[in-house]
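Here is a walk through some of the packing in this model, written for someone who wants to follow along on screen.

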Amino acid sequence: MHTNASILIIDDEQDIRLSLRGIFEDEDWQVAEAGNGTEGLGLALDGDFDLIFLDIWMPGMDGMAVLCALRDKGVDTPVIMISGHGNIETAVTALKNGAFDFIEKPLSLDNVLVTAGKALELSLLKRENRELRSRIQPDESPTITGSSPGIVRLRELVAQVGPTEAWVLITGENGTGKEIAARAIHRASKRAAKEMICVNCAAIPEELIESELFGHEKGAFTGADKAKKGKFELADKSTLFLDEIADMSLKTQAKILRILQEQKFERVGGTKTFKVDVRVIAATNKDLVQEMVEGRFRQDLYYRLNVFPLSVPPLRERAEDIPEMIEFFSRRMIEEQSLKPVRFDRESLDLLKRYAWPGNVRELKNFVERLFILYQGQEVNVSMLPPEYRASVALDTLAMVPDGITDFKEARARFEEAFLRRELARADGNVARMSENIGLERTYLYRKLKTYGLGAEEGR
């Protein structure tokens, strides 16, 4: 359960250290030891331990002084105090000073393992909370929002693959919500009790990515003043999300491939081998097939990751979801910032559904925040929309008329046909939905569609 746990033993009795080392290594835990308080404090401050066993009575700097120094330095690693001269007063003092528990010598194997197990559970929770606080952003949508066919199908596939152990490769443009899809997969999995660990491969400098992924030992490189666990180690028994996977160098790709296959690695500058159980979800906004053709992405890594492919559609291909998504982001603005509602009239919503949204969902979220700042408590019409949105839709509309058309009636007819054809496709051939989307009465719309020979489904 606590594979790869790292434990520091601080005790001046070598027999005790050897005894505890044997117990912990039988559990496949990593063990470091120190023979006095000063050395132990240095190791504790430099390392990244999950649990510390600390003897109280030692020559020089005793265990109580070490415990107080650790807490003063902000180290919150659980500490189990051990002593051969224990009494109630000593135990109470240790607990008041921040110890997790107190064990008397001679040590009982069962007592040591039970107490260590409880302490490691606490250590794991603390670590996951730190990861969560450092990584979670308040603007992160927890669900895949929308009811378009593409999004409905995406949710179905997530529900199918989530409970399995299959690795997933998610593709999609920037801002479409690839990480949201990855989180949905993780939440549907048997690993959901642990936090998903995320790595943005594009945001980490090439010289630091190995340290970020595999961790490093103290002194492994300039600035490595203490040991650090990497993302693979933190993701043990959980899910590792490798975002923008195509932005890694070929050298790093080769190392990643080996570790993905073996689930074993060494920290940078270290010799100990760590074995992990990690499910991998990768994502990219690039065409990996083209990247392979041009020699920038390894073919063997592609096939290792692409067990179950998922594609997140861009916002322009699911325009019918835009009102629902505006409503979603609006509710969050109201709930989180106590702002008055902003309403959009039908004409403005129609225009926003025709806008191309090159920044996808991320752009839409920022757009809603902008409108709340400008028009809190008001109803927004087309004239109140930012000019770049109105101009872009106007250019898109003009592009429907082919060059060379100069007669006004012909231009209007060509535009009308192109517009109806596009909107019919967006409504999946459903005239009732199309009528609602573009604001035309259904009978009149049927006549128009018949005029241009456009087939359609009856409204459901």
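A residue is called buried when its relative accessible area is under 20%, exposed when it is over 50%, and partly exposed in between, using a 1.4 Å probe and protein chains only. Bear in mind that this is a predicted model, where local features need pLDDT of at least 70, side-chain atom pairs count only at pLDDT 80 or more, and totals for chains, interfaces and linings use all residues. Residues are numbered from 1 along each chain as its sequence is written, and side-chain values use heavy atoms, with hydrogens and water left out.

**Aromatic rings**

Let's start with the rings. Those of Phe, Tyr and Trp (its six-membered ring) pair if their centres lie within 6.5 Å; planes under 30 degrees apart are stacked, over 60 edge-to-face, and the rest tilted. The structure has 14 such pairs. One of them joins Tyr355 and Trp357 edge-to-face, with 4.7 Å between centres and 85° between planes. Tyr355 and Trp357 are both buried.

Another pair, Phe367 with Tyr389, is tilted, at 4.9 Å centre to centre and 55° between the planes. This one links distant parts of the chain: Phe367 belongs to helix 15 (residues 360-375) and Tyr389 to helix 16 (residues 387-398), 22 residues apart. Helices here are DSSP runs (H or I, at least four residues), as strands are (E, at least two), numbered from the N terminus. Phe367 and Tyr389 are buried too. Which residues make up the aromatic cluster? Phe344, Tyr355, Trp357, Phe367 and Tyr389 form it.

Elsewhere, Arg304 sits over the face of Trp167, 3.7 Å from the ring centre. For that label, NZ of Lys or CZ of Arg has to be within 6 Å of the ring centre and within 35 degrees of the ring normal.

**How the helices pack**

Axes are lines fitted to C-alpha atoms, for helices over the stretch in contact, and angles run from 0 to 180 degrees between N-to-C directions. Angles under 35 degrees count as roughly parallel, over 145 as roughly antiparallel, 65 to 115 as roughly perpendicular, and the rest as oblique.

| Helix pair | Angle | Axes |
|---|---|---|
| Helix 13 (residues 322-337) and helix 15 | about 55° | 10 Å apart |
| Helix 13 and helix 14 (residues 346-354) | about 110° | 10 Å apart |
| Helix 17 (residues 408-426) and helix 19 (residues 442-451) | roughly 115° | within 10 Å |

Helix 13 is thus oblique to helix 15, but roughly perpendicular to helix 14. Contact means heavy atoms within 4.5 Å. Against helix 15, helix 13 uses residues including Phe329 and Met333, which meet a set including Leu364 and Phe372. Towards helix 14, Ile322, Pro323 and Ile326 of helix 13 touch Leu349, Leu352 and Lys353.

Helix 17 is roughly perpendicular to helix 19. Glu416, Leu420 and Leu424 of helix 17 make the contact with Leu445, Lys448 and Leu449 of helix 19.

**Two single residues**

Is Ser211 buried or exposed? Ser211, in helix 8 (residues 209-214), has 8% relative accessibility and so counts as buried. Beyond its neighbours within four places in sequence, Ser211 contacts His216, Phe221, Gly230 and Val268.

Arg258, in helix 10 (residues 250-262), is partly exposed at 32% relative accessible area. Leaving out residues up to four places away in sequence, Arg258 touches Lys264 and Glu266. Arg258 and Leu301 are 43 residues apart in sequence, with 9.2 Å from C-alpha to C-alpha.
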